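This report describes the fold and packing of one protein chain. The sequence and the model come first, and the text follows.

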Amino acid sequence: YQRRVRGNPVSTLKYVTDYPSPLSQGKQLNSNEVLVKVSFAAVNPVDWKMNKGFLKYLISAPYVGGKDFSGIVVKAGTEAAKKYKEGDEVVGSLLGLTGGSYAEYLVASTDFLTHKPPTISFQEASHIPLVLLTALQGFSIVRDTSKDLKRILVLGGSSGTGSWGVILAKHYFGAEEVYATTSSKNIEYVKSLGATHVIDYNKENFVEVITKHWEEGGKKTSSPLTFVLDCVGHDTEQAIQLLGPDGYLGFIAVPDTLEENPSVSSAASFGAGMIWTNMASLFGYSPKKSFIAVHPDSHALEKMMQWIAKEGWASKIPITTFPLAELDKAHSLSISRRVVGKIVIEVNPTPSVDPKEETK
């Protein structure tokens, strides 16, 4: 699936049946790369956001999008072959702006790759890497996880990153209280992930609810919360009110104004605000506020995939599946922001190695 031109995130997509293999025309793998036959690919908001807003000026069309994937190794570079061999089942995500997982084959770096646990299906594994490591690395901005991750709020608790944020907060880091916002239809789902308090954002003001709970508890702590994971983007300033000077807020979405109407001035204003907030935090006047830009970490991905397999969390995330030919419909659903869990694209549900195919 190829994006032909920049512009509308859906109408510029084109399904291409004769797209060349990554290793066609004499191309070779780098030593730390593998050729993967894709089984499933995940849809992340970043996939369609890259064709709008400020990122569109950094991308040359046409290109193949998609980042997360699961599949099997067809061929490995010299260094990669020390860990991966033909037929190995893998899961990972792609580096760079454009990606490339919306295709039958892709070339992936081992920097963001690991073996797929046998108890997790290709479908389940495909949607995990990016959102999992985003949440994990968001929590890592704190100084002391045992102290700073006691009382957590996840804004957007039923989203892809938000779901893993709730799971990790409660079951991996052992938070005492995990608040999460969502719509009424998703309250039970978010509770099932481990949230101790779920707030319906259509009916309640989360600042008032959490503040009241803190006051009724006798204000035994210096502030209602110690950490906020913001997966929404438009409630950031309200959430900061719930943190003390030693609190942390990690967010994954840039402001709507910057995303929809990019300009040098809006980008400069956003950057200046971030600098001011974090300078103030150094002197104890405000919480630390950090934008979470996920970075590849194969060791963390491997460790967390093993933990997920052991605890059985992969099957707890709802999945909506589309065939590759209907990627445009999948993106439309993602853009609606009414997705519970994750959207995945079925490319080849039962992949097998055919050496004759790799250079087509």
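## Burial, sheet and cores

Of the 360 residues in the protein chain, 53% are buried, where buried means under 20% relative accessible area, exposed over 50% and partly exposed in between (1.4 Å probe, protein chains only). The model is predicted, so local features need pLDDT of at least 70 and side-chain atom pairs count only at pLDDT 80 or more, while totals for chains, interfaces and linings use all residues. Residues are numbered from 1 along each chain as its sequence is written, and side-chain values use heavy atoms, with hydrogens and water left out.

The protein chain exposes about 16300 Å², and carbon and sulfur atoms supply 52% of that area; accessible areas come from the Shrake-Rupley method with a 1.4 Å probe, and for residues only the protein chains shown count as cover. Among contacts (heavy atoms within 4.5 Å) between residues at least 6 apart in sequence, 72% join residues at least 24 apart.

The secondary structure comes to 12 helices and 16 strands. These are DSSP runs numbered from the N terminus, helices being H or I of at least four residues and strands E of at least two. An open sheet of 6 strands has the order β11-β10-β9-β12-β13-β14, with parallel pairing; two strands pair if DSSP finds at least two bridges between them. Its edge strands, β11 and β14, each pair on one side only. Neighbouring strands of this sheet are turned by 15° against each other on average, direction ignored, with axes fitted as lines to C-alpha atoms, for helices over the stretch in contact, and angles running from 0 to 180 degrees between N-to-C directions. Between β12 and β13, 5 bridges are found, and Asp230 stands opposite Phe251 in β13.

The largest nonpolar core has 45 residues. Such a core is a set of buried Ala, Val, Leu, Ile, Met, Phe, Trp, Tyr and Cys residues joined through side-chain atoms within 4.5 Å. Trp164, Phe227 and Ile308 touch the most other members.

| Element | Residues |
|---|---|
| α3 | 129-139 |
| α5 | 160-172 |
| β12 | 225-230 |
| α11 | 298-311 |

Leaving out residues up to four places away in sequence, Trp164 touches His127, Ile128, Val131, Leu132, Ala135, Ile308, Trp313 and Ile317. Another core, of 26 residues, lies apart from the largest one and includes Leu13, Val64, Ala330 and Val339.

Lys219 is found in the loop between α7 and β12. Phi of Lys219 is near 50°, a positive value in a residue other than glycine. Lys219 is partly exposed, with a relative accessible area of 48%.
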